[in-house]
Structure formats: C-alpha cells, structure tokens
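The following note concerns the aromatic rings of the structure shown here. Please read the points alongside the model.

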Amino acid sequence: ELAKTPKKTPKSSKGNDKSNDKSNDNSAKQSEKTSQAKPTPTKPSQPKISQSKTSQTKENREKSTARCLEVLDKVSNDKHAWPFEEPVDAKKLKLKDYHKIVKEPMDLSTIRSRLQGEEYKRVEEEFHRDMHLVFDNALLFNHEGDPIHEYAEQLKMKFDKLWAKNARPEEAAAKSETPTADKSAKKVFKQEKEAAAEASQAPAAEH
C-alpha cells in the first residue's frame, strides 16, 4: 500500500487579520482627530507702512526743528534776551508771589532743550506757543515801565516778525491765539505792587 502523505494544513491568517484590523482602527482614529481638529485662526493682515512715508515725516520734522532753532538763535542773541534765557529762580530773587501769578513758567533754554530732545509732537505749533509763553509771563508779572516788561514787548514783536519770515505759510499762522497775558490779572498785580510800595514808604508807627 502506498503511504499516505499528510496534507499540509494552511497556516491560519488570524494574526494578519488582527494586524490589519489594528492598522485600520488607527487610521480611522487619526482621520477622526484630523476632522475634529479646530482650524487655526488666521491673523488679519496688518497694513504695511511704507518706508518712504516714514522717512518723509522724519524729514519734515527735521526741517521744522531747524527752522525753529534758527529763529530761537536770533532771539537769544538779542542784547535784551538775558532775563529770559534761564528759568526764573523765584527763591533766589525773593519773588514770593511769582508762582502764584505765573502758572506755567517758560524760558528760552527749556525751549532749546525741547527742540533738541525732540519733545515736541507738533514742532512748530508747540514751539510758537512756548515762545509766546516766555514773553507773556514776563508781561504778566512785571508792570509797565519795568525794564523786563519793555524787553518782553520788544522781543515778542521781534519773534513774531522772524516767525512770519521763517516759518512755513500754513504754520506761520501758528495761531497767534496763544494764551496772552490776562489784563485783569495784570491790573490786580499792579495795584498790589503799588500798595506794597506805598506801605514801605510810609513812616513806621511810633510805639
């Protein structure tokens, strides 16, 4: 009798089926995650500032500063400008009522510092205002007939003429509506000074 050869049983493909199932599950989970993932918000595009515009603004600022410094130099070089060069030292000069009358002190050295330090946002407009403030303060505090009062009047007129020649047309009109000295305050101050002078000249009462 011929010997029967045993039939080869095909290997079970269960292991392969399991691995295939796992890979299918993983891919399904990944697809679910990607579908559930929140879309990343896109930032709105910001408008780009052109370099030419920025440089133009800087160039205008430099020109304005140069114009203001030119006018300031001419005013400072006047022989009557010395009382206005530095801040008023009220304590040293024994001016007890100075800061009661002058609410916003200003002087030429402070203006120069502000120009050179680029502290003015609107260069010519703010410069014009501060220059007027210097002279208006002097007119307010010093009575008519006082040399400082006369110097302030002369220099304010000189400044206005120089400003009209040097400033740009649109800013030369830099609003002469600057706060001017209050006439009523000047009148009251003048009366107080006259009363003090009369009191000092009166003979002292005998005890």
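1. Phenylalanine 141 counts as buried because its relative accessibility is 5%; buried means under 20% relative accessible area, exposed over 50% and partly exposed in between, with a 1.4 Å probe and protein chains only. Phenylalanine 141 belongs to helix H5, where helices (H or I) are DSSP runs of at least four residues, numbered from the N terminus. Its C-alpha atom is separated by 6.8 Å from that of isoleucine 101, 40 residues apart along the chain.

2. This is a predicted model, in which local features need pLDDT of at least 70 and side-chain atom pairs count only at pLDDT 80 or more, while totals for chains, interfaces and linings use all residues. Residues are numbered from 1 along each chain as its sequence is written, and side-chain values use heavy atoms, with hydrogens and water left out.

3. The structure contains 5 aromatic pairs. Rings of Phe, Tyr and Trp (its six-membered ring) pair if their centres lie within 6.5 Å; planes under 30 degrees apart count as stacked, over 60 as edge-to-face and the rest as tilted.

4. One of these pairs joins phenylalanine 84 and phenylalanine 135 edge-to-face, at 5.6 Å centre to centre and 80° between the planes. Phenylalanine 84 lies in the loop between helix H2 (51-76) and helix H3 (98-101) and phenylalanine 135 in helix H5 (residues 123-141), so the pair ties together parts 51 residues apart in sequence. Phenylalanine 84 and phenylalanine 135 are buried.

5. Tyrosine 98 and phenylalanine 141 also form an edge-to-face pair, with 5.0 Å centre to centre and 70° between the planes. This pair links tyrosine 98 in helix H3 with phenylalanine 141 in helix H5, 43 residues apart.

Conventions. Helices (H or I, at least four residues) and strands (E, at least two) are DSSP runs, numbered from the N terminus.
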